[in-house]
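Subject: Structure for your review

Dear colleague,

Please find below the structure I promised to hand over. My notes on what was found in it follow directly after.

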Amino acid sequence: MHWVFLLLAILGEVAGTTSMKLLVSAGHPWAGTLVVTAMIGLSYVLLSQATLRIPIAMANAFWEGLGMILIATVSWLWLDEQIQPMQAAAIALAVVGIVILNIGHHRQESQV
């Protein structure tokens with residue numbers, strides 16, 4: 001269940017950030033600010049539940065890393081924003097970092 005909380009926290013962050021962009025672009029900065037504040041708040045509540053079982057370093061890496069990757073993907077596919085080669089490389093490095101952190105966590109658990 002803790003992974004479900006983490007996934008929902010990530011999706012909440014992505015939904016909030018995307019909604020903010022859409023609302024602010026449509027001329028509703030206050031609505032965008034309120035929506036993103038509520039969604040990030042909900043995301044933190046869900047993240048706190050995930051960290052009851054997932055180490056905080058790992059949960060935060062997944063939350064921030066996957067959130068960034070999904071937000072970049074949504075902005076590219078849905079909001080017609082460009083991703084430059086250096087930005088794509090940074091996203092790839094984030095994926096590598098998440099994978100390495102996950103491998104390290106599993107190795108640490110197997111030694112305990």
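In these notes, a helix is a DSSP run of H or I with at least four residues, and helices are numbered from the N terminus. Please bear in mind throughout that this is a predicted model.

With that numbering, Val4 belongs to helix α1. Its relative accessible area is 41%, and because buried means under 20% and exposed means over 50%, Val4 is classed as partly exposed. Val4 is also a member of a nonpolar patch on the surface, together with Met1, Leu7, Leu8, Leu11 and Leu70. The accessible area of these residues together is about 550 Å². Helix α1 supplies the largest share of the patch, with 4 residues.

Helix α3 covers residues 56-77, a total of 22 residues. From its first C-alpha to its last it reaches 31 Å, which is close to the 32 Å expected at 1.5 Å a residue. Its buried residues are Met58, Ala59, Phe62, Trp63, Gly65, Gly67, Ile69, Ala72 and Ser75. The cover over these buried residues includes α1 (2-25), α2 (29-50) and α4 (85-111).

One of those buried residues, Trp63, is also in contact with Ser43. Ser43 lies in helix α2 and has a relative accessibility of 1%, so it counts as buried.

Lastly, I turn to charged pairs. Side chains of opposite charge can pair when their charged atoms come close. How many salt bridges does a search of the whole structure find? The search finds 1, in which the side chains of Lys21 and Glu81 meet at 3.2 Å, N to O. This pair links distant parts of the chain, since Lys21 is in helix α1 and Glu81 is in the loop between α3 and α4, 60 residues apart.

With kind regards

Note on methods:
Residues numbered from 1 in each chain as written. Predicted model: local features only at pLDDT ≥ 70, side-chain atom pairs only at ≥ 80, totals over all residues. Heavy atoms only, no water. Helix = DSSP H or I, 4+ residues; strand = E, 2+ residues; numbered from the N terminus. Expected span 1.5 Å × (residues − 1). Buried < 20%, exposed > 50% of the residue type's maximum accessible area, 1.4 Å probe, protein only. Contact = heavy atoms within 4.5 Å. Patch = residues over 30% accessible without salt bridge, like charges linked within 9 Å, V, L, I, M, F, W, Y side chains within 5 Å. Areas by Shrake-Rupley, 256 points an atom, 1.4 Å probe, with all protein chains shown as cover. Salt bridge = Lys/Arg side-chain N within 4 Å of Asp/Glu carboxyl O. Lists of a residue's contacts leave out its neighbours within four places in sequence.
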